[in-house]
Amino acid sequence: MFLLMLLFLICQVVHLLDKFDLWHRLPVLLGLAYLGLRRHLHQRYNLLHVGEVNGKKYDTEEFSYRTADGTCNHPADHLVGSHGTFFGRNMPPSTSNYGLLEPHPVTVATKLLERRKCTDCGSQFNMIACAWVQFMIHDWNDHMEDTEQVELRAPEDVVAGCPLKSFKFFKTKKLPTNSSDLKFGHLNSRTPWWDGSVIYGNNKEGMIRVRTFKDGKLRVSGDGLLEHDDNGIPISGDVRNNWAGFSLLQALFMKEHNAICDMLKEHYPEFDDEKLYRHARLITSAVIAKIHTLDWTIELVKTDTIVAGMRINWYGFLGKKIKDLLGPKFGPILSGLVGLKRPRDHGTPYSLTEEFVSVYRMHSLLPEKIVLRDLKSTTSEDKSLPIQEEIPMTEMIGKEGEKSLSKIGIEQMLVSMGHQSCGAATLWNYPTWMRNLVPHDIDGEERPDLVDMAALEIYRDRERGVPRYNEFRRNLLMIPISKWEDLTDDEEVIEALREVYGDDVEKLDLQVGLHAEKKIKGFAISETAFNIFLLIASRRLEADRFFTTNFNARTYTEKGFEWVNKTETLKDVIDRHFPEMTEKYMRCTSAFSVWNSDPDPRHYLPLYLRPAT
C-alpha cells in the first residue's frame, strides 16, 4: 500500500513539473531529482519483456570475457541479450486503427521530411558525432528480415517529386513469442550489449573474420584504415550500409584495440593470443561505452543537469575522485551504476527495444556533402582551415566511399569531419540522396532494389507496432498534444501537418512528431526521444555484468582497468593515436563539437550548485 502511494506521489510531482514545462528550468540538483523520479517511473512501467526466458545457468568465472554472440552475460540465463533474441518493448504495441498506408509513407516523406535546404545544428555537433550514431546503432541492433518483399508506390499527388516512383524492400521478420502477453515479436540480428560488436562481429564467424590471431590483434591496413576483401567490402564487425565516416570510427577503435594489446603484452608477457584478445575487447568496449556516456551524450543534450546526470551514472554523486579512492561501495546513487555488486534489470531481462530503435532514427544529421579541409595550409588563430574540396555523400557511401576514404586518408577525414557541422533533427531536413539509396544486405553486398529511406522509416515504425506520437507520449507518462500548436509554433509546419494529417493529432507519425517538437534549450533531440534515452542509457550499464559485477581489475587486469579509468573522452583516444592532431586543429572542449568553435566556458560554481543552464 505504501509503495502504491509513493508511486502515485511521484507521478503527481512529475506530471506537475511537465504541465508547467519546468524541470529543465530548475537548478541542477532539483533537475536531477526530477530525472531520477522520471527514470524510476520508466523502470517501473516502461520495461516489457518479449518472448520466453529459456536459457540456462552457467559458471560466470569460466566466462569472464565477452563472447562472440553475446551469450553468457546475464548471470542466471546464458541467452539473455544474445544474437538473435527478441527486441523488448517500452510500451504495448500500438492500439490505433490507422492502416500501414494512412497517410501514405511516401506522402509523409515528400511533404514533411525531405530536405529543402540543409539545416545544420551549429557548433554543437559535428560529423564525427553524426557518424558515432551509426557506430553505436551497428553495435546494438538490427531487425532480422523476412523473405517476403513489400512494394510501395508513390501516390499520384506526390509522384512527380519523388526520386523513386516505387520501391521494394523486405518485411520485418515476425515470429510468435509463445507468450500470452505479447504474442509476436521481432529478432535482433546484432548483440544488444555494449560489447563492441560493431568492430568484433555478432557471432563466431564475424569474430574470426576480423582477427589476425597474433598477439590478440584485429586486422587493420598499413594506412590505418580497414582492410577489404576481394569484393571491396571492408573487414570489420558490421559492414551493412556503411559510409566513410562510419568506417573511419571502426578503424580508429580497431587501432585502439591493437594499442591495448601492445600494452597488455608488455605488462603481461604470459598472455597468449586469446587472452590478449579477450582482455583488449573488454577494455575497448568499456572505453566506447564511457565515451558515449560522458562525452557524446553530454554534447547531444548539452545542459549542466545532463552533465551531472551522466557523470552520476558512471561515477556516482560523490564523483570520480571518491570512487577512485574508495571504490564503488555506496550504491548506485552515490557511487554510480558502473561497478555495482550485481546487474540490475528491474525484473525484466535485458534487451534493447522497438521504441529505442525508433527514437535513434537520426538520418537528418547526415549532410548532402562532406567538406574536406586543406591540412597543408596554415591554421588561423581560431584553428579553422580552408576548404579543399566538397564531395557529394553519394561518393562517400558503400564501396565507392571506401575508395574515397582510402584516397583522403584517416587524418584528413577525421579533421574534416571535426570541422563540419552535422544536420539538425528537424522537419524538411532528411537527406535527398537517401530517398534513392542502394541498400546493403547483412554481408555488405549491394541489393538490386533502391529504397526511399525517408518513406521506409515511417513504414517500419507502423509495421513493427510502434505507437504513433501521441500514444507514444501517453505511454511514457507525458502530456499528449491536443492541437498542432501544442507541438510547434511554426506556422509553416502547422500548415504542412494539417495538409498531411488534417486535424487528427492522433494520426501523427512518431518520426514527424519527434522532428517537429519544440526542443529544450541545449537539446539536439526532442524531449520525447530523450525520455527513452533516460531509461536505456542507464539500463545498458546497470544490466551488464561487465559494467557491474565484473567491472574490476581482476577481470580487466590492473593495467586494463587503469586504461579505462584514465580515458574520459573521444579526444583522449584521438590524442593516443594522433598526438598532434587536436593540439593543432581543435579549439573546442569535446571532439564531438565543431573543432574551431569556442571551448566550454569556465564555471566557478560547483556543478551541483549551478542554476539552470
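How many aromatic pairs does a search of the whole structure find? In this predicted model, the search returns 31 aromatic pairs. One of them is formed by Trp132 and Phe135, whose rings are tilted, with 5.2 Å from centre to centre and 55° between the planes. Both residues belong to helix α4 (residues 127-140), where they are 3 residues apart, about one turn of the helix. Trp132 has a relative accessibility of 0% and therefore counts as buried, and Phe135, likewise at 0%, is also classed as buried.

Aromatic residues also occur in a cluster, which is formed by Phe125, Trp140, Trp194, Trp296, Trp314, Phe356, Tyr360, Phe533, Phe547, Phe551, Tyr556 and Phe561. Over the ring of Trp194, a member of this cluster, sits the charged end of Arg540, at 4.2 Å from the ring centre. The charged end of Lys174 is placed over the ring of Phe184, 4.9 Å from its centre.

On the surface, a nonpolar patch with about 980 Å² of accessible area together is formed by residues including Leu29, Phe317, Phe330, Leu605 and Leu609. Two or more residues of the patch come from each of α10 (319-326) and α11 (331-335), and α10 gives the most, with 3 residues. Leu29 is located in helix α2 (residues 28-45) and, because its relative accessibility is 39%, counts as partly exposed.

Strand β5 (residues 369-373), by contrast, has 4 of its 5 residues buried, so it is largely enclosed by the rest of the structure. Strand β5 runs antiparallel to strand β6 (residues 387-392), to which it is joined by 5 bridges, and Arg373 has Ile387 as its bridge partner in β6.

Note on methods
Residues are numbered from 1 along each chain as its sequence is written. This is a predicted model: local features need pLDDT of at least 70, side-chain atom pairs count only at pLDDT 80 or more; totals for chains, interfaces and linings use all residues. Side-chain values use heavy atoms; hydrogens and water are left out. Buried means under 20% relative accessible area, exposed over 50%, partly exposed in between (1.4 Å probe, protein chains only). Two strands pair if DSSP finds at least two bridges between them. Patches are made of residues with over 30% relative accessible area and no salt bridge: like charges are joined within 9 Å, nonpolar side chains (Val, Leu, Ile, Met, Phe, Trp, Tyr) within 5 Å. Accessible areas come from the Shrake-Rupley method with a 1.4 Å probe; for residues, only the protein chains shown count as cover. A salt bridge is a side-chain nitrogen of Lys or Arg within 4 Å of a carboxyl oxygen of Asp or Glu. Rings of Phe, Tyr and Trp (its six-membered ring) pair if their centres lie within 6.5 Å; planes under 30 degrees apart count as stacked, over 60 as edge-to-face and the rest as tilted. A charge sits over a ring if NZ of Lys or CZ of Arg is within 6 Å of the ring centre and within 35 degrees of the ring normal.
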